[in-house]
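Welcome! Please take a moment to look over the sequence and the model shown here, and then we will walk through them together.

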Amino acid sequence: MPDHQSKVSMIFLDAAARGRLMLPRCGDCGKHNIPGDPTCAFCGSFRFDWVTVSGRGVLFSYAVVHHVLDASLAHEVPYVVALIRLEQGPIIVSRLVGTEEGQQPQVGAHVKVVYQVTGQHVLPVFTPTSHHPQLITREAPQGGAQGAANRARPPQTGS
Ligand SMILES: [Zn+2]
């Protein structure tokens with residue numbers, strides 16, 4: 001039987017391969033959690049449902065990686081490791097791609113998920129959406145169906 005961590009990675013990577021970003025949502029308090037935690041960070045529950053989320057968020061923090069230990073990533077340096085605060089609340093570690101040449105990523109910039117093939121896996125990574133300011137000013141509140149219908153979003157399930 002796979003341990004908790006590998007089960008979580010499997011769900012997360014399977015979803016990414018299907019073009020979805022999924023998060024564990026607490027079966028008791030309903031809050032979204034970071035993939036990998038064995039219990040809900042808010043109420044301690046062990047019950048999680050995996051739900052597809054919008055993949056939108058803001059850049060919370062980042063670091064530019066110039067030297068890698070993993071040879072398979074050597075051709076990618078420099079790359080940006082980022083903390084992304086998803087609109088559902090959790091902050092996840094990912095990568096930021098698609099920043100324009102010579103531009104520093106901006107903390108607070110709106111980002112959205114895109115999918116990158118890395119070796120045998122498809123990984124969710126994030127790209128700035130700030131060059132589409134009209135999308136930012138009309139951001140719908142979380143779960144609001146009205147504004148969301150006008151924007152291109154991945155299919156929502158499990159809500
Ligand atoms: Zn909870």
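Two residues are in contact if their C-beta atoms, placed from the backbone, lie within 7 Å.

Residues are numbered from 1 along each chain as its sequence is written. As the model is predicted, local features need pLDDT of at least 70 and side-chain atom pairs count only at pLDDT 80 or more, while totals for chains, interfaces and linings use all residues.

## The overall plan

How many helices and strands are there in the protein? There are three helices and seven strands. Helices (H or I, at least four residues) and strands (E, at least two) are DSSP runs, numbered from the N terminus. Along the sequence, their order is α-β-β-β-β-β-β-β-α-α.

Of the 159 residues, 22% count as buried. A residue is buried if 20 or more other C-beta atoms lie within 10 Å of its own, exposed if 12 or fewer, and partly exposed in between, with C-beta atoms placed from the backbone. Among contacts with a separation of 6 or more, 49% are between residues 24 or more positions apart.

## The nonpolar core

The largest nonpolar core holds 18 residues, and those with the most contacts inside it are Leu59, Ala82, Ile84, Leu96, Val111 and Phe126. At least two residues of this core come from each of helix H1 (4-17) and strands E1 (21-26), E3 (56-65), E4 (79-86), E5 (91-96), E6 (110-118) and E7 (121-128). Why does this core lie between domain 1 (1-53) and domain 2 (54-140)? It lies there because both domains give residues to it. Domain bounds come from an automatic or database domain assignment.

A nonpolar core is a set of buried Ala, Val, Leu, Ile, Met, Phe, Trp, Tyr and Cys residues joined through C-beta atoms within 7 Å.

## Helix H1 and the residue after it

H1 has 14 residues and reaches 20 Å from its first C-alpha to its last, close to the 20 Å expected at 1.5 Å a residue. That expected span is 1.5 Å times one less than the number of residues. H1 is followed by Gly19, whose phi is positive, near 75°. For comparison, most residues other than glycine have a negative phi.

## Strands E6 and E7

E6 and E7 pair in the antiparallel sense over eight bridges; two strands pair if DSSP finds at least two bridges between them. One of the partners is Leu123 in E7, bridged to Gln116. E6 and E7 form a hairpin with two residues between them, and Gly119 in the turn has a positive phi of about 60°.

Tyr115 sits in strand E6. Is Tyr115 exposed or partly exposed? Tyr115 counts as partly exposed because 17 other C-beta atoms lie within 10 Å. Beyond its neighbours within four places in sequence, Tyr115 is in contact with Ala16, Gly19, Val122 and Pro124. Ala16 is 99 residues away from Tyr115 along the chain, but their C-alpha atoms are separated by 7.0 Å.

His110 is also found in strand E6. It has 20 C-beta neighbours inside 10 Å, so His110 counts as buried.

Phe60 belongs to strand E3, and its 15 C-beta neighbours inside 10 Å make it partly exposed. Leaving aside neighbours within four places in sequence, Phe60 is in contact with Leu83, Ile84, Arg85, Ile91 and Val107. The C-alpha atoms of Phe60 and His110, 50 residues apart along the chain, are separated by 9.7 Å.

Pro24 lies in strand E1 and counts as buried, with 22 C-beta neighbours inside 10 Å. Beyond four places in sequence, Pro24 is in contact with Asn33, Pro35, Phe48 and Trp50. Pro78 is placed in the loop between E3 and E4, and the peptide bond from Val77 to Pro78 is cis, with omega near -10°. Most peptide bonds are trans.

## How confident is the model?

The average pLDDT is 83, and 80% of the residues score at least 70. pLDDT is the predictor's confidence in each residue, from 0 to 100. Where does pLDDT stay under 50? One stretch is residues 132-141, for which the model has seven contacts beyond four places in sequence. Another is residues 143-153, for which the model has seven such contacts.
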